[in-house]
Amino acid sequence: MKRRLAMTKIGLDELKEIQLQILKYLHDYCVENKLMYFLAGGTLIGAVRHHGYIPWDDDIDIMLPRRDYDELIKKFNAKNGRYKIYCPENYDSYCLPYAKICDENTILKEQSGAFKGRDFGINIDVFPLDCIPDDDEIKDRLLKKITFYRNVLELKNIKLSSNRSFKRNFILAAGKAATVFIPHHYAALKISTLIKHEKGPTKQRACLVGAYGRREILDSDVFNETQLADFEGYQFYILKRYDDYLSSLYGDYMKLPDEEKRVSHHKFEAYWLEGGR
């Protein structure tokens, strides 16, 4: 699809409102189609601790059980024009092992390796929740394979910088050279394929594309039930056992981080496309 010229810059408050509208649309879609979802990661902390965004945060994370996630990525794009879901299964220039739902009336320019060859719109992150093998040996092999391809993606996406030492840049350059024949999309799709390995039911489930490794692995019944919670004046679903999930990932998640850590980790510029409001 050919993009129209980006005209009007979008500020942080407006960007958050656009993300909220995506989330509202997704909530309605999931309710209508009987798909289970819940707020995840820092967005869930925000709902529990602040009843909205963490004040210094600027993104939204949600999670769906594998069966619902697969149903979403298969059918979502057929129902609407403004919001589109992208994932390695449906877009060959997409380079993350999970999905994003984008507002097609916007452009987000960020320092990210998610997309190759074009800028996508303001978005929210959509993660799959997968069954984990009960057999420890099989589980360990699976986690090692996923870690390998995650490291490949990180090496390919990281940029050399004058802010790093020569030695560090040399090591990174060597790592990037070693992965030159593994395309971004292949690594992302490989991870997405690997995590579907176990059909379940199993004793444990996890978001294996998450950032916290084994801390993401929890008893399956932690994810069985959801409830509505306030988030920026709206209501969205969270886990009833959110404390088990958040404590595993973050420890004392109700304690605010040190002030110097209360910053966004994203760098971006966002624009409305011409006539896109």
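Phe166 is exposed, with a relative accessible area of 69%. Exposed here means over 50% relative accessible area, buried means under 20%, and partly exposed lies in between (1.4 Å probe, protein chains only). The model is a predicted one: local features need pLDDT of at least 70, side-chain atom pairs count only at pLDDT 80 or more, and totals for chains, interfaces and linings use all residues. Residues are numbered from 1 along each chain as its sequence is written, and side-chain values use heavy atoms, with hydrogens and water left out.

Phe166 belongs to helix 5, residues 166-178. Helices (H or I, at least four residues) and strands (E, at least two) are DSSP runs, numbered from the N terminus. Together with Phe170 and Ile171, Phe166 makes a nonpolar surface patch of about 390 Å². Patch residues have over 30% relative accessible area and no salt bridge; like charges are joined within 9 Å, and nonpolar side chains (Val, Leu, Ile, Met, Phe, Trp, Tyr) within 5 Å. A salt bridge is a side-chain nitrogen of Lys or Arg within 4 Å of a carboxyl oxygen of Asp or Glu. The areas come from the Shrake-Rupley method with a 1.4 Å probe; for residues, only the protein chains shown count as cover.

Now turn to strand 3, residues 61-65. Five of its five residues are buried. In a regular strand the side chains alternate between the two faces of the sheet. Asp61, Met63 and Pro65 lie on one side of strand 3, Ile62 and Leu64 on the other, and all are buried. Strand 2 (residues 38-39) runs antiparallel to strand 3, joined by two bridges. Strands pair if DSSP finds at least two bridges between them. Strand 7 (residues 123-132) runs parallel to strand 3, with five bridges. Ile62 is the bridge partner of Leu39, and Ile62 also stands opposite Val126 in strand 7.

Next comes helix 7, residues 242-250. Tyr245, Leu246 and Leu249 are buried there. Seen down the axis, the buried residues of helix 7 fall within an arc of 90°, so they line one face. The arc is that of the directions from the helix axis to the C-beta atoms. These buried residues pack against helix 2, strand 3, strand 9 (218-219) and strand 11 (234-239). Gly251 follows helix 7, with a positive phi near 75°.

Val48 sits in helix 2, residues 41-50. Val48 counts as buried, at 17% relative accessibility. Beyond neighbours within four places in sequence, Val48 is in contact (heavy atoms within 4.5 Å) with Tyr242, Leu246, Tyr253 and Met254. Val48 and Asp230 are 182 residues apart in sequence but 8.4 Å apart in space, C-alpha to C-alpha.
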